[in-house]
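Please open the structure in a viewer and keep the selection tool at hand.

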Amino acid sequence: MKPTKQIFALVLCMAVSFLIMCTASANSAQKQWSGLHSTGAVVTDADCPVIVESELLTFDIPDFPSSYGSNNDYSANVTARYSFYNPADYTVTATLAFPFGKSPDYSRGAGYADKYDITVNGSAIEKTVRHTIPTYGNSFSLENDLPRIVDGYKKDRFYYPELTVKKYTVEIIDYDKSYKNAGIGFDFSYSGNYKVIMSYNSDKPIPDGHRLGVHIGSKESITFYILGTQAVPKYRFYEDGGCETGKEISGEAKIISTEEMTFEDLVFEKYPEDSAVLKTDWYNAVVDKLNSNYSDTLSLSSFDVSYSLMMWYEYELTLAPGERIVNTVTAPMYPSIDEDYKPYVYGYTYLLSPAQSWAKFGTLDIVINTPFYLVDNKEFVKTDAGYTLSLDGLPDGELKFTLSSSEKPKRQLYFWDFVAAAIEFAPFLFFGFIIIAGIIISLNVAGQKKHK
């Protein structure tokens, strides 16, 4: 083999190896959108004897949502049709809660909570849309999330509506500007029963308390809130914004305003006037969000829960002894969107685990009405209208499926995929280069000996 051909073969082998490794394992530049998880109705009354004889889940997905812009015309939904039976010899009235997730990332504030009816034997019944803060981000836990639906203001060990809140505004008059990164530190003691709201750069422990350091920069004033019982903190100027070195510098500041309010007042400062969220739900969501922060230092952003709320339908069912009824609940279906595929793939999740809360659960039939393709379909049966699946009971885990406008969508590779793969596999490519080069040199030497 001539040297030019040898070099060409070497380069070709390296390129092929690189492409194979990129295709198999590069996973950077993910473009995914979180969607909305729907789930079945769960009973909120303990020891309810009512059983689910059968459930028909019908997904109507004629279109996909847009990852950008308006989704006002998007209409995909799921309808759960329950056949309930009361085997008891007494009348049962049960309160049901049907959680259907948060507004998806790509459709913030979507106004669909009142879009659909809940029916019993074909007639619409009264429902209330409730809101809670999810316990674990976007994941759902029946055990933890259901108790967060509370009528009225919830009881808490620290927060209550009349809790005193004082808002302080401190004006920075002057300081040694030769220190470009100067900061002001506020010393809070541990002696009071309080929490503080402040934008700060560092939280440093000091004897009997902690110091919140704030970088001054171009700030002319600093505002903070004290919730509960705590004296006005002492403040000093430091050479660094985090007040970490402890070296003080000259400076002057003064409190220019003090405003007193209640915790309830503070909670509703961010409450939208046209909000569809019950005020008690908003208050309770704020308390739950604040309690998820185990620090005594809070963020004012925690008081705005507009885009963090999980939505529920709440309604009542009454069944006489031996009565059977058909209850339908319809909710929107917003999928996750994975733009790393061409065409995009849309992932849908329907949580079946909450149905375990019923005394007994019978058959489950699933219908997906859609013009799109079910990707990686292993269990569903293809029909003219879409797909179907019949089960004798609840399966393990949740119901998840993926749709696309193509039967076999292809994952796209981007420039940074190749860069990431090159960095990850650089050692292997180097040794591969050495091995291939060694083989070529060996063959070349052997060929030269043969011709001597």
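The stops that follow cover salt bridges, nonpolar cores, a cavity and a pocket. The model is a predicted one.

**Salt bridges**

Begin with Arg130 and Asp281. These two form a salt bridge, and their closest N and O atoms are 2.8 Å apart. Asp281 belongs to helix α4 and Arg130 to strand β9, so this pair ties together parts that lie 151 residues apart in sequence. Asp281 counts as buried, at 2% relative accessibility, and Arg130 is likewise buried, with a relative accessible area of 3%.

Since Asp187 lies in strand β11 (residues 183-189) and Arg211 in strand β14 (residues 209-215), the pair ties together parts 24 residues apart in sequence. Asp187 and Arg211 are both buried. Now return to Arg130 and select Asp151 as well: salt bridges with shared partners join Arg130, Asp151, Asp281 and Glu314 into one network. A search of the whole structure finds twelve salt bridges.

**A cavity beside Asp281**

Which residues line the second largest cavity? Select His131, Thr132, Ile133, Arg148, Asp281, Asn284, Ala285 and Asp288. The space inside is about 30 Å³. Helix α4 (279-291) gives the largest share of this lining, four residues, and β9 (128-132) supplies at least two. By type, the lining divides into two nonpolar, three polar and three charged residues.

**Nonpolar cores**

Select Leu57, Phe59, Phe84 and Tyr350, which touch the most other members of the largest nonpolar core, a set of 52 residues. A second, separate core has 25 residues, among them Ile133, Phe158, Val165 and Leu290. Then centre the view on Phe84; beyond its neighbours within four places in sequence, its contacts include Val50, Leu96, Leu317, Arg324 and Trp358.

Finish at the second largest pocket, which has a volume of about 340 Å³. It is lined by 18 residues, and Glu379, Phe380, Leu399, Lys400 and Phe401 are the closest to its centre. Strand β28 contributes the largest share of the lining, four residues. Colouring by type will show ten nonpolar, two polar and six charged residues in the lining of this pocket.

Terms used
Residues numbered from 1 in each chain as written. Predicted model: local features only at pLDDT ≥ 70, side-chain atom pairs only at ≥ 80, totals over all residues. Heavy atoms only, no water. 1 Å grid on protein atoms, 1.4 Å probe; cavity = no way out; pocket = protein on both sides within 12 Å on 5 of 7 lines; lining within 4 Å. Points joined across faces, edges and corners; volume = space filled by probe spheres on them. Nonpolar A, V, L, I, M, F, W, Y, C, P; charged D, E, K, R; others polar. Core = buried A, V, L, I, M, F, W, Y, C linked by side-chain atoms within 4.5 Å. Buried < 20%, exposed > 50% of the residue type's maximum accessible area, 1.4 Å probe, protein only. Contact = heavy atoms within 4.5 Å. Salt bridge = Lys/Arg side-chain N within 4 Å of Asp/Glu carboxyl O.
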